Each structure stands twice: as structure tokens, then as C-alpha cells.
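Please examine the structure shown below.

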Amino acid sequence: MTERALQPIDICVVASGDWASFSRVNCHEIAARWTAFGRACYVEPAPMRTPRFHDVGRLAGRLKGALRNRSGGTVGGATALVEVVAPPFLPWSPVAPVRAWNVRAAARAVQRRAAERQWPFRFDVLWFFSVSLAGLEARIPHRLVIYHAVDDYAANPGVRPELLRRREAELLQRADLVFAASEPLAERLRARHGRVVVWENVSDTEPLLEAVESRLTKKRPGDQPVAAYVGHLSAHKVDFALLLDVVRGMSDWKFVFAGPLADLGEAGRRVLKEPNVQYVGPLARADLPRVLGDADIALLPLPPSDLHESSFPMKVFDYLALGLPIVGRRTGALASCADLILDARHAGDYRRAMEEGRTLRGQQDFRHRAHEMARRNSWSRRIAELEAHLRRALGLVASSGHKDAERTKVSQGPPLREPATQRE
């Protein structure tokens, strides 16, 4: 490795989730794992919508965080020395005055933390996972701006789409590189940016694979079949009306749901009260093999919406690591896993697909393909690819004659991964 390759890469992650969130997503994982390559500062997210009543607790937690210094965290079992910054944001949709306040608050908070830690107030990479702080790149010295789009944010419920589209357009004008979590999302972004790379979501699959392989048990002919779902139980993420028909029409199956409860809606509340449904609460990742490892199939009941057509659920790789055939809506974003997902969009489809999945579950060839897909999309493998890609991008910045410039456009560079539709 050259001396240049050994230089640390310092990043500032403009996050899409609170550091203390139960569910760990890309912004958490990248910040924590990046401490092997350089400094990592994590800016907690500015609001993208006006708060509702059930947000009171979260807002109180953010206020406490803004009033004290926070650092550190644990991801994947290893202590990560991440500097977590919680600015005093105004908790409303990012209209111009609110956005201006929040951008200044974030920049000041990062600058104060840098001074406290005796860091230089500059970063190699500003890594945006949220568009609500577009404009922060004008206030924090940097060399490279990344916009990492994991969802079509404007398609989320409760937000003002026109505001978020405007913020995204502003960020795309300043971004050097864009990562998109799916090919449909990348296709939309390519209309506004010339350097969009498909970087599908990944998961911490290796601990799951090790646990499953050590406790693999065979289902007995008389065992009741089990369908499992893991993830946030929210009406905008789960088609509960569809599931209610499925659960009632398949009383011979047991349905296990795991994950945090959110806005269930009437259909969601009814689903969890059905006699063949078991809700086990939020599960730590280490508990997934024990609780769900003996299931027959995994459920992916995505509602039909623009949000889900472009998003790539990380639970897909967790399901595959557990060796579970997936039954649910096979969206365009999931093209790379299409042969491991049994497409089901109506209640009648589910009976056929779940019985087919139950057969696949016992086939060694299927489990091998599922485990191999999960292994290829583990964080330990993909974070190394990400580091190599950023070193190349930053090397291009240096070779342009602006090594010490705070910001330089990057117009060329090898892709991190082939688009999802072209991968092996």
C-alpha cells in the first residue's frame, strides 16, 4: 500500500437517523466503521416535517443531546469513537428561515466540537444522508461532497414534497458524487447529476450467518409453518390491510412479528390481535437467529407506493442470512435479489407463494444461494469497497492541482459497483 493510501480520510456524516435509534442504518454503520480509516463526526438529523404528538419524546431527547456533549457508540460489537453532534434545531419543515437556522446551528455545533477535540475544522468528505441540511457544505470546509440517497425522501408521509425536492436539487448542484440505494432511485437522480453510483443497502449479515449455521435444525413434518416479519411496524411501511386478509385466510400458519411499533392504523392493530399472530417486540440482532431462525418464510408486505418502488429494504439481507425465502412485493429496486423473492401482491398470491417458500426453505441449494447473497452484501466486505472508491475520488481531487483546496469538483472516476441490474 502506498503512503498516500495510508493517509486518514476524515468524514462528517450529515445523518438521516438519531445516533440512539434502535434500528441501525447506513449513516450509523458508515460513521462507526469509518473510524478505522479516519475521524468520523456524526451530525444528527434536522427535521424534515413539522412534529406530531408522538414526536414529543424524541424532540425532548434531541434537546437534551443539544445541551450536552456526546461521543462514542457501539455498532457490530466494536466500540466506535464517533463524535456525535446534536445541534439545537428548530423542529419544523425545512422552509427557508428554518433551514437557514438549522444549517447555521449544525455548522456552529461541528466547529465547537472540533475546537473541543483540538481537531482542524475541515473534513475530507461531507457525507449527506439527508437533504434537510443542504447548504451546510458552504459552511464546513471540505474536499468532497457525497449525497447518499437511500430513499425517495419526498415520498415519505407527512412531509412537504416540494420543499424536499427543492432541498435535494440544491444538494445535487453541489455534490461531487451521488450514491443511490437502488437502480430506480439512481435513474431519477441521473437526470440532475452526471455521476450517480448504485450502492445498494447492505446489512451486518456475518454474525447472523455464523449463528444460523451453528444451530440449523430440520423442520418436522407435523410442525406448524411459521411466517416471520422483522422491521418497523408502521402503516406506511407495511400493507396491514393486505396482511389482515392473509393472516385470517391462513389460520393454519403462525405469524411472528418483530420490531418497534409506530403508527399501525386500524388494520395494523387488528393484525396483531389475531389468534395466529405473535408479536415479540423489538429484537436485538443477536436474537434474530434464536427467535426467527426456525421460520419457514419471511414476509415483505410493502405497500404500493413511490417510496417503496425505489427503496431497498435492508431486512432483505437479514432474511437471506437466516436462510428464509422471501414472500412479498418484488419491486424494481430488488432486481438483484429477484430469484430469491416470491412475488405476492394480493392475498390469494400469498397462499401459493408461502407454500412454495416452505418447500424452498428445506432445499440446500436455496439456502446456499441465500447465504451467498447475504455474505456478498455484508458490511465487512462493502465498507472496504467504499473506502477504496473514496480514496480514488480524493486522489483525483489531489491530482487536479488543488490538493489543499477546500472543495474541488470531481467529474470522472471508476464506479463503485455495477448497477443492480448488471451484477452477477
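A residue is called buried when its relative accessible area is under 20%, exposed when over 50%, and partly exposed in between (1.4 Å probe, protein chains only). Helices (H or I, at least four residues) and strands (E, at least two) are DSSP runs, numbered from the N terminus. The model is predicted: local features need pLDDT of at least 70, side-chain atom pairs count only at pLDDT 80 or more, and totals for chains, interfaces and linings use all residues. Residues are numbered from 1 along each chain as its sequence is written, and side-chain values use heavy atoms, with hydrogens and water left out.

Consider helix α5, which spans residues 183-190. Its buried residues are E183, L185, A186 and L189. These residues lie on the same side of α5 because they cover an arc of only 155 degrees around the axis, the arc being that of the directions from the helix axis to the C-beta atoms. Among the elements that cover them are the strands β8 (142-149), β9 (177-180) and β10 (196-198), together with the helices α4 (161-174) and α10 (306-310). At the start of α5, a side-chain oxygen of S182 comes to within 3.2 Å of the backbone nitrogen of L185.

The chain as a whole can now be considered. Its secondary structure comprises 14 helices and 16 strands, and 55% of its 424 residues are buried. A contact means heavy atoms within 4.5 Å. Of the contacts in the chain with a separation of 6 or more, 71% are between residues 24 or more positions apart.

Technical notes:
Polar contact = N/O pair within 3.5 Å; in protein donor to acceptor, adjacent residues only side chain to side chain.
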